[in-house]
Amino acid sequence: QVQLVESGGGLVQAGGSLRISCAASGRTFGSYDMGWFEQAPGKEREFVAGINWSGGSTWYADSVKGRFTISRNNAKNMMYLQMNSLKPDDTAVYYCAAPLLRVAQKWVAAYWGQGAQVTVSS
């Protein structure tokens, strides 16, 4: 099994930047694709960004393309989401997830972190 722990959430003004991190343990970190999902109040959890096992391929939701960058450092068992040009609509709990899979045109995962709150003020 996989244990995932997010960190780095917080409060930021619109237009600002934030980097959240995910630390993984329990299995070989570099053996699975991973991703970030968000869940805003009253809404379903939605895919934000994904990265394959080696970091050579990335995928982004349309809403964050050009603003967010996903990366990973397998030597450190870490994954990151750099969030730039933040908007109030980005306010959500962000979850680290693995393994990342595409099923019926949707991104899914089996293991989740506890979530990191990101709040973007106007």
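Mentor: What follows is a discussion of a predicted model.

Trainee: What volume does the largest pocket have?

Mentor: The volume of the largest pocket is about 280 Å³. It is lined by 17 residues, and those closest to its centre are Glu38, Lys43, Glu46, Ser63 and Asp89.

Trainee: How many of the lining residues are charged, polar and nonpolar?

Mentor: Eight are charged, six are nonpolar and three are polar.

Trainee: And which strand gives the largest share of the lining?

Mentor: That is β5, with three residues. Both β4 (34-39) and β5 (46-51) supply at least two residues each.

Trainee: Let us change topic. Which way do β1 and β3 run, parallel or antiparallel?

Mentor: Strand β1 (residues 3-7) and strand β3 (residues 18-25) run antiparallel and are joined by five bridges. Within this pairing, glutamate 6 stands opposite cysteine 22 of β3.

Trainee: How many bridges join β3 to β8?

Mentor: There are six, and β3 runs antiparallel to β8 (residues 78-83). Here leucine 18 stands opposite methionine 83 in β8.

Trainee: Now the aromatic rings. How many aromatic pairs does the structure hold?

Mentor: It holds four aromatic pairs. In one of them, phenylalanine 37 and tryptophan 112 have ring centres 4.8 Å apart and planes at 70 degrees, so this pair is edge-to-face. The pair links distant parts of the chain, since phenylalanine 37 lies in strand β4 and tryptophan 112 in strand β12 (residues 111-112), 75 residues apart.

Trainee: Are those two residues buried or exposed?

Mentor: Phenylalanine 37 counts as buried, at 4% relative accessibility. Tryptophan 112 is partly exposed, with a relative accessible area of 32%.

Trainee: Why is the pair of phenylalanine 47 and tryptophan 107 called stacked?

Mentor: Their planes are at 15 degrees, and the pair is therefore stacked; the ring centres are 4.7 Å apart. The cut-off for stacked is planes under 30 degrees apart. This pair also links distant parts of the chain, with phenylalanine 47 in strand β5 and tryptophan 107 in strand β11 (residues 106-108), 60 residues apart. Phenylalanine 47 is buried at 15% relative accessibility, and tryptophan 107 is buried at 19%.

Trainee: Which residues form the aromatic cluster?

Mentor: One cluster is formed by Phe37, Phe47, Trp59, Trp107 and Trp112.

Trainee: Where does the charged end of arginine 45 sit?

Mentor: The charged end of arginine 45 sits over the ring of tyrosine 95, 3.7 Å from its centre. It also sits over the ring of tryptophan 112, at 4.5 Å from the centre of that ring.

Notes:
Residues numbered from 1 in each chain as written. Predicted model: local features only at pLDDT ≥ 70, side-chain atom pairs only at ≥ 80, totals over all residues. Heavy atoms only, no water. 1 Å grid on protein atoms, 1.4 Å probe; cavity = no way out; pocket = protein on both sides within 12 Å on 5 of 7 lines; lining within 4 Å. Points joined across faces, edges and corners; volume = space filled by probe spheres on them. Helix = DSSP H or I, 4+ residues; strand = E, 2+ residues; numbered from the N terminus. Nonpolar A, V, L, I, M, F, W, Y, C, P; charged D, E, K, R; others polar. Pairing = 2+ DSSP bridges. Phe/Tyr/Trp six-rings, centres within 6.5 Å; stacked < 30°, edge-to-face > 60°. Buried < 20%, exposed > 50% of the residue type's maximum accessible area, 1.4 Å probe, protein only. Lys NZ or Arg CZ within 6 Å of the ring centre and 35° of its normal.
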